[in-house]
Each structure stands twice: as structure tokens, then as C-alpha cells.
Amino acid sequence: MCGIIGCTGVKCASEILYKGLEDLEYRGYDSAGIAVLEGGRITAVKKKGRVYALKRAAEQLCGTSGIGHTRWATHGRPSDENAHPHTYGGFSVVHNGIIENYAELKEELIAEGHTFSSQTDSEVVVHLLSKYYRGDLKEAVLAAVRRLKGAFALCILCSRYEGFVAVKYRNPIIVGAGGEALYAASDMPALAGLAESVAVLRDGQIAFASDGKISFCNFSGEPESLTFSPVPAAARGARLCGFPHYMIKEINEIPAAVKNTVHAFTDDKCFSVISRAAKKRGGFKDILLCGCGTAYHSALAAAYFAEDILGVPARAETAGEFRYRKSAAGAGTLFVAVSQSGETADTVEAARAAKEAGAFVLAVTNVPYSALTGIADAVVPVRAGTEVCVAATKSYCGQVAALALVIASLKGGSVYPRMIEELKDIESKCAAAISDCGVEAAARACASSSGVYFIGRGIDYPVALEGSLKLKEVSYVPGEGYPAGELKHGTIALIDGGTLTVAMITDRKLGEKTASAVEQIYSRGGRAAVVCASGCAPKTLLERAEFFIEVPSCKSCLSPIVSVIPLQLIAYRTAVILGRDPDKPRNLAKSVTVE
Ligand code: M6R
């Protein structure tokens, strides 16, 4: 989390940095700051709050080199003082990551006479640079980074160097070149409008950018080379195009996300890659799927249908849990890491651990140049396009489509071509779900409820979890997602007239069972609503429901792609009704690159 940016050789650095910070703001919006170098002097401005709070102050700055930061607070509350850049002794630094040994470094530096002005872990970096600087910038940077433990992407400004330095360790940084100008940023879309060519720094690399030239070395100081290539089309930034928010724009892009994901799967010959990998191992003996948040929910849906279709043990686990327990992955395991960004720290590290345990690691990601793709044995692309809204929507649907194709490839025979055909049908079913469902009344009901519970059985359970996460994160209405049978084992104690329970039913066989759970809610004075595939819910249930929404029915493993849509729309409208910003919910950031 946190977005960092650097530039040199531009006409007005502050203008470039401010614009770049707007593009990076999805990574954190607790505070923002810019530092520029002008006539051998560093001037920094920083402010608590969104990037636009910085506009006036940024307009007063110029300079041809500078660095910028947009923050998601880890150490130290959001405030002007804790905002980056941190400036000291002729250096200014912006940081994305966590310096795990900051407390001991801070103690050492204070004992040596350094004065700190923030509560952040990051500030130690600028003090280390000033401590080690003896007239040689490279030596100072090497000495400083060798003292750091944790994860860090840094951009550094030095008053005696017309340019910037970028450092990468465990957190992303990309460098770019365009004409005489050089850039660095946490991600590609922030560079897309500026640079003509880009290169992704590898772990343990440092870039020195000055005077139209860029050179690289490792943490031992040995020179390294990096190849620049044109900015990939997938990295193009997104615009609202007339929609009031990215969330609703991105929900409307679901049919295209599914279509493009199917095309990418065939274009990249994923079927052959997966079936070859399986054949080489005499078939995978188990499948482990990992992800966080929404990506975990698509992984969980895939675990349900993988067992169904393949008949091998398949389970999903949150990446943060998988990392810290004795790994069950082994040489016969297919480990599927699911991540929109491909840079979620827990998912990246879980994939690393699975690879070390001998598993075949498959990355399912929306970002082709991400850290996850560097670790994986093979990559299955999700082609949802840039997702700006912090709440994941179209990427979830793309992930479920990609995962269905992975499982169908493993099954082989006629299952794979049939899955492709089914997915073609899904596009129009998604479009119908987006346009047909009457979510307004549903959103009003959610907005006025003290809690909203989502329940479902089988494949509907992961969707219930996702519906609940979506509503909570953008509207702040509390609630939970539950297997329909579990509510009565405790949570039913919370049910009263103020709460609403939404029952998900896309499998006719399970309709009556879920209807019984709803009866138990009515018996306790609770209110209930239904989201179902047409013809799957008992008529009596629909007659009594506070509202019901029907979506087109489809093959069970693909039903999450369609049935999630009304839940996403309800979350969006509830947020709007309650006056929340659905694109940038409080306390969140889109990319969680810290543990
Ligand atoms: O980039 P990733 O898919 O790895 O991100 C994982 C989660 O942080 C993400 O899905 C998060 O839960 C979203 N805010 C959900 O809308």
C-alpha cells in the first residue's frame, strides 16, 4: 500500500508528481506529499487527507526532479507529520512497505543525535542516508539499504544529485523513460501517460536516474542490466467515461472482462500449459487455492467446483493463514494463487512458500507484470482491465471464469470446449443481470438495516461471503456471510426486526433447504430477501420475501459470475444512499503490499 513516484528531467516536477499521485491514490489515501529539488535545495509539502488537499501547495513548487507519496498508514496515524516525504540532512525519502527493524534503528540514531519528527517506521531511512553520506551517494544508499529489514520500495532525493534513486525490495517499483525524462512509480498505470518504455525492478535492485541516463546495481553495488520495453496496453489507466463512480463503471464492464479472459486463456495457450504440467506429474493429487478478500472468495468457489468436476481433493485457504502453518502443499500439488493485483504480500509469499514445498504454482492475476507472475511456474491471465475501485467487482468475475477454464483444462475431453461455449453464454447473462435487476428497493432495505446477513449452500456460500464483504466495505453496514445451515448455530441470536437476511439460491436441489433456514429467521422476527437463479427458489419463499431478485440460470460452476452481480449493485447503491464514497472506502487501500 502507499503509492510512490519519482521523476527527473521534466519541465515541472510537481505537476508530473501531482498527476501521478492522483493515479496512485487507490493505493492509499490517508495523506499525500511531494518533494522537489530546485537549485540544490529540497522543498517538501505534505498534507493529511486525499491528494487534492495538496493541490494548492504543489502548485507553488517547480524543480526538474522530485518524489511523491500517497499513504496508507501502517506505523503512525494519518497526520501531516506522518505524511511522506521525510526530509533530513539533505535527503528526502518516500517509502512503500514496512521497515521491521525500525525501532532498534531509531534508538541507535537518536543516541547518535538524530531528531525524529514522525512516528513512522519510514523516517529511519532518511536518517540512515544522512548518517552514511560522505560525499558518495551510491555508498550512502548501499550502506542504508543493507541496514533495513522488512519490505521496501523507495524513491530518494538528494540535494547534491540532480535526479532520483529508486530501490526495490519485496514491494513493487517500475522505472520508465520518455524523451529526456526518467520516472519511477509503484505501478504501470501511473507511468502510462508519461513514459514510452518501462522496466520492472527486481528484488534487491537500485536505480540511479539523472541527466537522461539510468543505471542499475544490486545491494552489493555490482552493476546490473535491465531491459526496457514499451508500456503494455494492459497498463493503460482508466477514466470514468461518464459514470459517477468507478465501482458502477467496473460492474458494467463485467461482460467484457469475462469475454477478454476467455480470449486470453486461448491466446496464451493455457490449456496446453496446464494439461502438460498435469501430465508431467501423472496428474495432480490435490489442488490448493489461495488468495485474500475477494480473490479468496473466487478461490473458494473454484474449490467447490474443482472437487465436483475433477473428483480430487481441492480446498481454498486465505493466503495469510497458509503462510504461517505447516504447508500441506507438496510435489503433487497444484497451487493456484489468485490475486487481482498480483502484489498482495500474503498471496505472493504464500506462492513462494508453496513453490519451495515443491508444488506447481499457477498465478491467476489481472496484472501481467506483477510480483506473483515472477514467482509462478505458469500464469493464467485475467483480462478484466485496470480496476480502479478499491472494491473488486469485474476482477472477481474474471477470476471465476479463468478458474473454471483451469479446472476444465485439467479434466480435458469435451469438458474444456463445452466450458468455453458456456462462458460465451455467460456474457449475455451478465449483461441481463446488470440491467434487469431491481436493486433500488434492495439497497434501501440494506441501508436501513442494523445488520445484513448473506446465506447460501454449496456454490452459493462463497457468493454469500463475497456479497457480505462488498456491502460491508463500501457501505459500512455490518453483517456476515454464512453457510445457510450455520446461522442456527450461533448467529441467529443476532436476528431481530432490524436485521435483514439475504438468501442466495442458484441450485434448485438446495432451494428447499435454504428456504428452511429462512423460515427459522421469520420465526425469530427477522426479515428476509432472496437472490436466486430463475426457477430455483420455491414460489412460497419468493412470495414472502421483502424483495427478491432473479438472475438467469447457468451451469453451477459459473453461477457465481452472474449471481454476484445483484450483490455488487446492492452494495454500490447502498453506499451511495448512505453518502459513502464507494471507490475509496475508509481505512482501505486497493493493493495490500504489507503483511
Ligand atoms: O489484489 P488482490 O486480489 O490480491 O487483493 C486481495 C484483496 O485485498 C481484495 O480482494 C480486497 O478484499 C478488496 N477490497 C475486495 O473488494
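## Cysteines

Across the whole structure, a search finds zero disulfides, a disulfide being a pair of cysteine sulfur atoms within 2.5 Å. This is a predicted model, in which local features need pLDDT of at least 70 and side-chain atom pairs count only at pLDDT 80 or more, while totals for chains, interfaces and linings use all residues. Residues are numbered from 1 along each chain as its sequence is written, and side-chain values use heavy atoms, with hydrogens and water left out.

The closest cysteine sulfur to that of C430 belongs to C397 and is 5.8 Å away, too far for a bond. C430 is buried, at 0% relative accessibility (buried means under 20% relative accessible area, with a 1.4 Å probe and protein chains only). C536 is likewise in no disulfide, the nearest cysteine sulfur being that of C532, 7.1 Å away. C536 is also buried, with a relative accessible area of 7%.

## Surroundings of the ligand

The ligand is surrounded by 14 residues, and the closest are S339, Q340, S341, T344 and E473 (a residue counts if one of its heavy atoms lies within 4 Å).

A polar side-chain atom of E473 is 2.3 Å from an oxygen atom of the ligand. The backbone takes part as well: a backbone N or O atom of A392 lies 2.8 Å from a ligand oxygen atom, and a polar backbone atom of V390 is 3.1 Å from a ligand nitrogen atom.

## Contributing helices

Two or more residues of the shell around the ligand come from each of α10 (293–310) and α17 (460–475) (helices are DSSP runs of H or I, at least four residues, numbered from the N terminus). The largest share, three residues, is given by α10.

Technical notes:
Buried means under 20% relative accessible area, exposed over 50%, partly exposed in between (1.4 Å probe, protein chains only). A polar contact is a pair of N or O atoms within 3.5 Å; within protein, one must be able to donate a hydrogen and the other to accept it, and residues adjacent in sequence count only if both atoms are side-chain atoms.
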